[in-house]
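Student: I have a model open and would like to go through it with you. Can we start with a few single residues and then step back to the whole chain?

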Amino acid sequence: MALAGSIAKVVPRLGSYIGRSRLSIFNRIQRRGIAVCIDPSLGLSDEQKEFQKMAFDFAANEMAPHMAEWDQKEIFPVETMRKAAQLGFGGIYVQPDVGGSGLSRLDTSVIFEALSTGCVSTTAYISIHNMCAWMIDTFGNPEQRERYCPELCTMDKFASYCLTEPGSGSDAASLLTTARLEGDHYVLNGSKAFISGGGDTDVYVVMCRTGGKGAKGISCLVVEKGTPGLSFGKKEKKVGWNSQPTRAVILEDCVVPAANRLGQEGQGFNIAMKGLNGGRINIASCSLGAAHASVQLARDHLMVRKQFGEALSHNQFLQFKLAEMATRLVASRMLVRQAALALQENRSDAVSLCSMAKLFATDECFQICNQALQMHGGYGYLKDYAVQQFVRDCRVHQILEGTNEVMRMIIARNLLVD
């Protein structure tokens, strides 16, 4: 089946995902193919188009119909994510010898963009889970890789990334969580804030201080749920990202085997940052999916909504706005994919490009979603309409995985190097 056909299935379901009577307008929308100018399959290989279609189909059939319910009831959709893992989405860029799909960073971006058209929040958690699995796969020893990666790739177990603390957000190298070595184990004390999946997940990749101040004193430990001394704060009430729980992770005399350390002592900050380089592309890709869906929702609304005796699509001002949205979407996608290639090839510009991609795509895609909501008028502010959820879910992408202010710092630092 052509890619356009799979995308066409997504649009009506996004527009009428609750099915109340006031949404009947969407039921009259004919199934339209995707406009060529924003077609996300352009430039992809045949193989990439196949798994992109697979991801779009999964988003349309398994995620979009439940997106509103997961948001409103704050459901962590474990079984749906395990279905995604059966397609290889639990360890997309993890090596095949431990159960991963072994795909590239560009492939990963393509998949996360497609999945996010069905539910940004759920896809964003899957992207964090993938990042954790990759960190263990890349920096773990053979025993650690065999112990953790297979169950993470099938999503029989879920993972959380634990770097941020109540007192160290953007200044991550100042973290205070300590890990004191005592014989063959570490004793951890401290807390982590805003942890996606916290309390519901099984494996916590924790950055902690084993040495002196600064980045070189930080190590990375894998802490398993059920470890004595590990507990969790209350479930946070959030504006978006409601299909994934967020809690503080609390470590009080938490005893963790020294064998759970990834890499050597003092390598933790480097491991964390390497994980985040890919994480920034992943989260930017989730923003692309939100923006892609929002452009289509706005287009369809303009074509069926009438004011002053004609469809809104005849209004030149709104035509220009839609054209700007499409242009920003495609520009964002091109930058994200270029950054993914740079990271895959381990190029010297990879860190800067990942920062640029995260900064540009998350800013621009939020504006696209917000403009799509505006085009819907009062309807866009109703939870009956999917566009408001895309706005709420992608807003946080400008904050996490390194704030966009920090992205500017990284880019400027590279520009001003002597």
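Student: In which loop does Q244 lie?
Tutor: This is a predicted model, and in it Q244 lies in the loop that runs between β6 and β7.

Student: Is Q244 buried or exposed there?
Tutor: Q244 counts as buried, because its relative accessibility is 1%, and the cut-off for that label is under 20%.

Student: Which residues is Q244 in contact with, leaving aside its neighbours within four places in sequence?
Tutor: The contacts of Q244, once those neighbours are set aside, are F76, S121, A124, Y125, I128, S196 and K238. As for distance along the chain, Q244 and P77 are separated by 167 residues in sequence, while their C-alpha atoms are 8.1 Å apart in space.

Student: What about S355, what is it in contact with?
Tutor: The place of S355 is in helix α11, and its contacts, leaving aside neighbours within four places in sequence, are R280, M407, I410 and I411. S355 is buried, with a relative accessible area of 0%. The C-alpha atoms of S355 and F269 are 17 Å apart in space, and the two residues are 86 apart in sequence.

Student: Let me change topic to cysteines. How many disulfides are there?
Tutor: The count comes to zero disulfides, given that the rule asks for a pair of cysteine sulfur atoms within 2.5 Å. C149, for instance, is in no disulfide, as its nearest cysteine sulfur, that of C153, is 5.8 Å away. C162 is likewise in no disulfide, and there the nearest cysteine sulfur, that of C132, is 7.4 Å away.

Student: Are C149 and C162 buried or exposed?
Tutor: C149 is buried with a relative accessible area of 0%, and C162 is buried with a relative accessible area of 0%.

Student: Where is C254, and what is it in contact with?
Tutor: C254 is found in strand β7, where its contacts, leaving aside neighbours within four places in sequence, are Y186, V187, L188, V223, T227, P228, G229 and L230. C254 is buried, with a relative accessible area of 0%, and its C-alpha atom is 9.3 Å from that of S231, a residue 23 places apart from it in sequence.

Student: Now the whole chain: how many helices and strands does it have?
Tutor: The secondary structure comes to 13 helices and 10 strands. Of the 418 residues, 56% count as buried, and among contacts between residues at least 6 apart in sequence, 75% join residues at least 24 apart.

Student: What radius of gyration does the chain have, and what would a compact globule have?
Tutor: The chain has 21 Å, which agrees with the value near 22 Å that a compact globule with 418 residues would have. Along its principal axes, the C-alpha trace spans about 80 × 50 × 40 Å.

Student: And how about the surface and the charges?
Tutor: The chain exposes about 17000 Å², of which carbon and sulfur atoms supply 53%. The mean position of its 44 positive charges and that of its 41 negative charges are 7 Å apart.

Terms used: Residues are numbered from 1 along each chain as its sequence is written. This is a predicted model: local features need pLDDT of at least 70, side-chain atom pairs count only at pLDDT 80 or more; totals for chains, interfaces and linings use all residues. Side-chain values use heavy atoms; hydrogens and water are left out. Buried means under 20% relative accessible area, exposed over 50%, partly exposed in between (1.4 Å probe, protein chains only). Helices (H or I, at least four residues) and strands (E, at least two) are DSSP runs, numbered from the N terminus. The radius of gyration is taken over C-alpha atoms; the globule rule is 2.2 Å times the number of residues to the power 0.38. Contact means heavy atoms within 4.5 Å. Accessible areas come from the Shrake-Rupley method with a 1.4 Å probe; for residues, only the protein chains shown count as cover. Lys and Arg count as positive and Asp and Glu as negative; His and the chain ends are not counted. The place of a charge is taken as NZ of Lys, CZ of Arg, CG of Asp or CD of Glu.
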